[in-house]
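Please examine the sequence and the structure shown here before reading the report.

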Amino acid sequence: MIMTPPAIEILFKDDALVLVHKPAGIVVHPGWAQDGGGIVKLLADQLGSKVYPLHRLDRGTSGVLALARNPQAARAGAEAFAKGQVEKVYLAIVRGHPPPHVRVDHPLPRQEGGERVPAVTDVYRLGMWQRYALVKACPHTGRLHQVRRHLKHLSCPVIGDANYGKSEHNRFFREQFGLDRLALAALALRLPHPETGRPVQAAVAPTGSLRDCLVRLGLWDLTLAQVPVAFGPTIANA
């Protein structure tokens, strides 16, 4: 029996741009992993037309992802990302207690093995549970694993991070809370529409085991409070 892949949740869509809720555990582009799938293929099949990712989220990260629907929109979208015109908000459960607010200014490579270039992320502590914390991270640049690496730089690695975290903490959350993924979600994204230039934004709360974990930690209300205010007053879609 052939299983039909689940539909990708669409948060915004027009002829030039589509914003979707990427689940954890799936790559964006099939060329980034040897699994033959990815959001790009699944969404193209779902929409019946080709799509072009404007940025990437790691396999283990869920949340808002932007894709263009034609080459012209892809070029304009890529330019907006390159010029720093895109705002991003992430939520993460981390080990340790960072300050209420700290700006991490620590160079990172754009790609694996590349030269380090300036990278800046603002980190806000939203709540705490024992020796762990819920944080909001707002990267101002787009470097490889920027949020994960900057949180590690603060000595507050993301729970579930096999590359930059600690296995004993990851195992504790897996065994105690059933957290079977990276505790990192792209909560919100705002960017200029590739054709009109008007701001388009979307925000989505975590789901699945990350949501369940936040509920059990008593941090779910703090998470939901961030969704409608991620960028201040609501801005109408383009």
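## Basis and confidence

This is a predicted model, in which local features need pLDDT of at least 70 and side-chain atom pairs count only at pLDDT 80 or more, while totals for chains, interfaces and linings use all residues. Residues are numbered from 1 along each chain as its sequence is written, and side-chain values use heavy atoms, leaving out hydrogens and water.

The average pLDDT (the predictor's confidence in each residue, from 0 to 100) is 91 for the protein. Residues 233-238, however, have a pLDDT below 50. Where pLDDT is low, the predicted coordinates should not be read in detail.

Strands (E) are DSSP runs of at least two residues, numbered from the N terminus. In strand E2 (residues 17-22), six of the six residues are buried, that is, under 20% relative accessible area with a 1.4 Å probe, protein chains only. Leu17, Leu19 and His21 lie on one side, and Val18, Val20 and Lys22 on the other.

Two strands pair if DSSP finds at least two bridges between them. E2 pairs in the antiparallel sense with E1 (residues 9-13) over four bridges and with E4 (residues 62-68) over six bridges. Leu19 stands opposite Phe12 and also opposite Ala66 in E4.

## Nonpolar cores

A nonpolar core is a set of buried Ala, Val, Leu, Ile, Met, Phe, Trp, Tyr and Cys residues joined through side-chain atoms within 4.5 Å. The largest has 45 residues, of which Ile93 and Phe173 touch the most other members. A second, separate core of 18 residues includes Ala66 and Phe81.

Terms used
Contact means heavy atoms within 4.5 Å. Buried means under 20% relative accessible area, exposed over 50%, partly exposed in between (1.4 Å probe, protein chains only).
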